[in-house]
Structure formats: structure tokens, C-alpha cells
Amino acid sequence: MTYQDTVNWMFSKLPMYQRQGQSAYKADLKNSLLLAEHLNNPQQHIKTIHVAGTNGKGSTSHMLASILQEAGYQVGLFTSPHLKDFRERIKVNCKMVSKAFVIGFIKRNSRFLESRNLSFFEMTSGMAFDYFKEQQVDVAVIEVGLGGRLDSTNIITPEVSVITNIGLDHTQFLGTSLEQIAFEKAGIIKPHLPVVIGETQEATKQVFKEVATRQQSDIYFADALIQEVYPSDLKGSYQQKNIKTALQTIQVLKSSFSVSEQQIKKGLLHVVKNTGLQGRWQVLQAFPKVICDTAHNTEGLKYIVKQLEEEPFQHLHVVFGVVNDKDLGGILDLLPKQATYYFCKPNVPRGMDADLLAEAFLKEGFVGNSYLSVNEAFMAAKKEATNKDLIYVGGSTFVVAEII
């Protein structure tokens, strides 16, 4: 099979949450443990950092990888979802996993993957661990897919666990209160191993403290401990919290990894160059200014709206699409009405129909039209906008993926 044949096989044979939603979600670790055993437990042969959280876990993971790369380490990075190419999920020092490895992994293991009915993410986690072991990485930064306690990645014993923050997202799986969701995320805290919490929240602080006490784990609240924040090439205002989380995590790791202040500063300034991260308050062009961001829930979009308000522009154009299990209530209350909207459906099966999305918005007094595709919506916005206007593209990772 060619690389494209292999990727097509994975997408068609393995249930994929990003494409089909709830039916692809596996709420236990059984398959992950079976696959790990089948692969001779590669996760036991690598040092890891485990990163969970509602928002910011991707940015924080990339920051940590960048800092450790600047310190001279061979760093694995496992994140999701991908924007363009499946291989973006598995990198070593910014280099994507080779096509040959992906083809070989599926060829060797396809019978096992199908017979055990593994999900796409279960398979991908196993592939990442196998690749990082083969590459003999010094450390791998592992981003949780969804939740924590029952996530496929939660079979590792990390050097440190990191939980960025808690918001009301994926409530159909993780619970309907911040406390319930915090408990699920706290499932990555391991006995006698430290945990860094990025954001102190009244509703969740006690949950984390109780789990850490039970696990006899040292707990660090980054926002309370880090006073000085270094600049980063990730420019979203929300990145300040992620920088604090990354800085506190590096402090905890200093007993195992040698990292200088200069390397920390360089790592934060070169996140995009060192890791290839895209879609975080990314400026795509200057006239008119086009900004995209993968923020897709109420907590994430709050920061986006705040930052949009600080941008100078004559008129705001918003290219917007979401997935069909998204709760629009909080989003509708949040987004600016003084803008022209271009509603679109991301090109994934669980993308919300653009006409339905438009109907929900127009009912609430928003102004805009629906379009047949993300690209058509984006082209319409560019056609309408003057050089003094601002175009924002977002609502879903999958919308951003189509215009980057």
C-alpha cells in the first residue's frame, strides 16, 4: 500500500472521533493496554510528560517540546487532531513520522487493529509510543486526546502530569459540572509523581488537591507560583496562562533535565519554528488582516473575542463553522454582533450544516449568509473586506485546517 492507501485504510476501518463523534469514543483502556502489550509495551521504554486540559493543552505541549529541543534533547511530540497530514500528530524534533513507518506499522498490525475493533485514536497512540521507542527519544510530550482518566494515552508513567485548565466541553463524556470534568482530567495524576495545574479555579482546586493527596503527588499551581512570563512567538493573549504552565513544568523537570534560562527563553520564542504548530492566533495576511484560531468552545472563544476587540479594524468579517455536537448557547452569547458572518460546514461528517448554523445565529440578531464550503465562505469574506477590515476564521479546528 502507498502512504495514501494506508491513511485511507485507517480513516475507513478505524472509528474516528473527529469525523463521527460519540460512536467512535471508547470509555476504557482495555484496547490501549491490549495494543501496548501486542507492541511489547513501548511506552515503558520512554520518558514522558503527560498534558491534559480543556483549553491550552496543545499550545502547552508544543511550548514544552520547543524548550526541551532548545536544551539539546531529542523530543517526541504526540498531539491531535491534525490539520492537513495525519503525520502531524507524531513528531520528533519537529520532523513528522516518516511515511514508511506509518505504512509499515499498519502493514504489521492491521489484522490485530481490525480484529480488536480499535479506534483511530487508540491505534494512533500505540503508533506514537512505538515510533518514539524506535527513535530513542530522550522524552516525549504526550497530549491527552479527550478527558484523561480513560484516554488512550493514560497508560504511561510520566515524569510529570500537566492539567492546563477545566471548562465545560465534551460534557456528554466527562460530566456536566467543572468538578466532574476536573475529576476525569485528574485521572492522569500518578502515584508519587508531580502534577502541575495551569489555572487555579475555585470549582476545581479542591478536586485536584484531593486526588494529589490520595496519590501522594506534589501539586503545583502554575498561575500562583510563576511571576515572570517570557515572550513567545505564540501571540494570543490566552497564551500567557500556557506560558506559566510550561515554565512551572520545566521547573519541576529540572531535577531530571538540564535546561538553562536562556534555553527556556529561546524555546518560547521559537515554538512555531521548533514544532511546526499552526492555527493559534495565526496571522495569514496583512491587508486585509486575516487571523485564524482553532478555539472551539466557550472558554477558548472568550479570549478570542477579547483579543478581537483590541484589534484595530473598520469592519469585522467572521468565517465560522462548528461540529454538530457543539452547544451553541454559550457561543451565541459571546460572539460580536457588529460583524458580518460567513457560515460554513467543515468538511468532516460531523460538521454542522451551514444553513442550520446560520438559522441559529440569524434568529439571535446576527448578520450573515451560509456558504457551500469553508473555502467559498473564506473567498466571499476576502471579496467583501477592504484593506482596513479584519477577517477572523474559526469555530472549529476543521474550519482552520481548510484555509491554512
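## Sheet

Two strands pair if DSSP finds at least two bridges between them. Helices (H or I, at least four residues) and strands (E, at least two) are DSSP runs, numbered from the N terminus. This is a predicted model: local features need pLDDT of at least 70, side-chain atom pairs count only at pLDDT 80 or more, and totals for chains, interfaces and linings use all residues. Residues are numbered from 1 along each chain as its sequence is written, and side-chain values use heavy atoms, with hydrogens and water left out.

Eight strands make an open, mixed sheet, ordered S4-S3-S2-S5-S1-S6-S7-S8. Strand S4 (95-96) and strand S8 (219-221) are the edges, each pairing on one side only. Strand S1 (residues 48-52) runs parallel to strand S6 (residues 160-163), joined by four bridges. His50 has Ser161 as its bridge partner in S6.

## Helix H6 and the cores

Helix H6 (residues 120-134) lies across strand S2 (75-78), strand S3 (90-92), S4 and strand S5 (139-143). H6 runs at about 15° to S3 (axes are lines fitted to C-alpha atoms, for helices over the stretch in contact; angles run from 0 to 180 degrees between N-to-C directions).

A nonpolar core is a set of buried Ala, Val, Leu, Ile, Met, Phe, Trp, Tyr and Cys residues joined through side-chain atoms within 4.5 Å. Buried means under 20% relative accessible area, exposed over 50%, partly exposed in between (1.4 Å probe, protein chains only). The largest core has 34 residues; Met10, Met123, Met127 and Phe132 touch the most other members. H6 gives the largest share, eight residues. Leaving out residues up to four places away in sequence, Met127 touches Met10, Phe86, Ile90, Phe101, Val102, Phe105 and Ile106 (contact means heavy atoms within 4.5 Å). A second, separate core of 32 residues includes Val141, Val160, Val162 and Tyr230.

The buried residues of H12 are Ile264, Gly267 and Leu268. Seen down the helix axis, they fall within an arc of 95°, so they line one face of H12. The arc is that of the directions from the helix axis to the C-beta atoms. Their cover includes helix H4 (57-70), helix H11 (239-253) and helix H13 (271-275).

Gln263 also sits in H12 (residues 261-269). Gln263 counts as partly exposed because its relative accessibility is 23%. Beyond its neighbours within four places in sequence, Gln263 contacts Ile67, Glu70, Ala71 and Ser258. Ile67 is 196 residues away along the chain, yet the two C-alpha atoms are separated by 6.3 Å. A polar atom of the Gln263 side chain lies 2.8 Å from the backbone nitrogen of Ser260.

Conventions:
A polar contact is a pair of N or O atoms within 3.5 Å; within protein, one must be able to donate a hydrogen and the other to accept it, and residues adjacent in sequence count only if both atoms are side-chain atoms.
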